[in-house]
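Please keep the structure open while you read.

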Amino acid sequence: MSDMFERFLTIINTSSLIAHADKVLVAVSGGLDSMVLLHLLRQSEFHFGICHINYGLRNKDSESDEALVAKVAEEIGCSFHLKKVKSSEWKKNQSIQMMAREIRYDFFGEISHQYGYNKIATAHHANDSLETALLHFVKGTGISGLTGIPVQRDYVIRPLLSFTKEELKEFAVQNHVTWREDQSNATNKYQRNIIRNEVIPLLRGINPQIEHTFLNTSKYLRGAEMALKTISQKIKSEHFLEKKDSQELSLDWFDNNELNEAVLFEILKYAQINATQLSDLVVVIIKNESGKQVETSSHHILLDRNRLFIQKRSLHHEPSAYLVSSPPQSISLTNARIKTTLVKRPIDLVKRKEFAFLNLEKIKFPMKIRAWQQGDWFVPFGMKGRKLLSDFMIDLKIPVTLKKDIQVLMNEDDIVWVIGYRTDDRYKIDSQTTEALMLEHEIL
């Protein structure tokens, strides 16, 4: 038994990567790394099958890669699952690497479901992990991006992460492992290849053991990441409020130090915030610029006094208006529904803001639902004078991110209901009312 195989088994056992009852699908490209992984698994007693993806990007080389993997699978009597990617599956103006990754993991999932594999083994090694960390560092990242590639994520395992490329090559030569070279790895067409071919050799001139050094450093970084997540989860449990269509984060805990900034980044990662946007947001918080917001690729983040309001950016726009005819009726909006019902005396009023009751005698159908506009005014229920809707929303401390979604129900030129907030006093039910229109606003 070779030293490398003993290390391989030790890693699998200490990290609980594979149990004897597991059925492992091994991703094999035909290159050095995956062929070594396959060779090591062949020496083990684990139950595994092979999958290979022919992307069709390298002409005869792609066909030769496929032929090698198929031949080895046949020689060892192992299940072989092949996907040939059609030219129509490649989308224009999108990263080939990102699309290849999507195709790859879709195929893994499909085969696993069909044949009962519960683990996917890939041949990522220490050099891959270092390259990933350096790429994240250059582009900007949180602490998790500096830890490299995890040894396991969900059902995907990477048993070779503790081995360097040099160790894998030495093992392959000594054990007569056949592999094919991917000539595209030698070009600097992709960013990762620049890191691999130019940056890391320079760093290796400073530290010849840089891959091993990184493996140790990444352990400490993962420990720091665990500590940061523990703190962030505690802060989130005490200060984060989940609502139907938005989230609210109280900032009672926040002051201007680097730890709190890191915690804020960890909490807001789901909103796809980047380092520049986080810095902008921290400036807004420190200066207490209430009403200012930062936009990420997916969310609006607004400071309102000592709170952040986070709302997903809408991919849809409400139509200019919806017509409300005689009841009963159900009107479907983008993220809500309005139900109308006719009620007669005695009227049982439901005193919740999602319900509205209007004097039917004063209404002329069809009414209209539209987005609020600057200059809109109404007479809020319980008041005698008119009030600008913009001032009404300020009084209620409605965040900017929610203001843009507020809609009003119009009776000709009158606002009769600021939907979900307040009806107009001129349309209230009184002692003379015999019939009323009941409206219910349901957020979907």
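How many bridges pair strand E14 with strand E22, and in which sense do the two strands run?

1. Bear in mind that this is a predicted model. Strand E14 covers residues 336-344 and strand E22 covers residues 435-443. The two pair over nine bridges, in the antiparallel sense. For a landmark, find Leu342, which stands opposite Leu437 in E22.

2. Now take in the sheet around that pair. Four strands form an open sheet in the order E13-E14-E22-E15. Pairing is antiparallel. Strand E13 (329-332) and strand E15 (355-359) each have a single partner strand, so they stand at the edges, with one side of each left without a neighbour in the sheet. From one strand to the next, the twist averages 20°.

3. E13 and E14 run antiparallel and are joined by four bridges. Ser332 stands opposite Arg337 in E14. As a reminder, strands of a sheet pair through backbone hydrogen bonds, either parallel or antiparallel.

4. Next, the other open sheet. Six strands are arranged in the order E3-E2-E1-E4-E6-E5, and the pairing is mixed. Strand E3 (80-84) and strand E5 (152-153) are the edge strands, each pairing on one side only. Strand E1 (residues 23-27) and strand E4 (residues 119-121) run parallel, joined by three bridges. Here Leu25 stands opposite Ile120 in E4.

5. Helices pack on this six-stranded sheet too. Helix H3 (residues 60-75) touches strand E2 (47-54) and E3. The direction of H3 makes about 165° with that of E2. Helix H4 (residues 96-115) lies across E1, E2, E3, E4 and strand E6 (156-157). H4 runs at about 140° to E3.

6. How do helices H2 and H6 pack? Helix H2 (residues 32-43) meets helix H6 (residues 165-174) at an angle of about 60°, and their axes are 10 Å apart. H2 and H6 are therefore oblique to each other. Their crossing is left-handed. From H2 come Leu32, Asp33, Val36, His39, Leu40 and Gln43. From H6 come Lys165, Leu168, Lys169, Phe171 and Ala172. By type, the contact residues are six nonpolar, two polar and three charged.

7. Which charged residue does Lys165 bridge to? Its partner is Asp33, and the closest N and O atoms of this salt bridge are 2.9 Å apart. The pair links distant parts of the chain, with Lys165 in helix H6 and Asp33 in helix H2, 132 residues apart. Side chains of opposite charge can pair when their charged atoms come close. In total, the structure holds 24 salt bridges.

8. Helix H9 (residues 258-267) and helix H10 (residues 275-286) pack at about 120°, with axes 11 Å apart. That angle makes H9 oblique to H10. H9 passes H10 in a right-handed crossing. H9 contributes Glu261, Leu264 and Phe265 to the contact. H10 contributes Ala275, Leu278, Ser279, Leu281, Val282 and Ile285. These contact residues divide into seven nonpolar, one polar and one charged.

Terms used:
Residues numbered from 1 in each chain as written. Predicted model: local features only at pLDDT ≥ 70, side-chain atom pairs only at ≥ 80, totals over all residues. Heavy atoms only, no water. Axes fitted to C-alpha atoms, helices over the stretch in contact; angles between N-to-C directions. Parallel < 35°, antiparallel > 145°, perpendicular 65-115°, else oblique. Left-handed = near helix turned anticlockwise from the far one by under 90°. Contact = heavy atoms within 4.5 Å. Nonpolar A, V, L, I, M, F, W, Y, C, P; charged D, E, K, R; others polar. Pairing = 2+ DSSP bridges. Salt bridge = Lys/Arg side-chain N within 4 Å of Asp/Glu carboxyl O.
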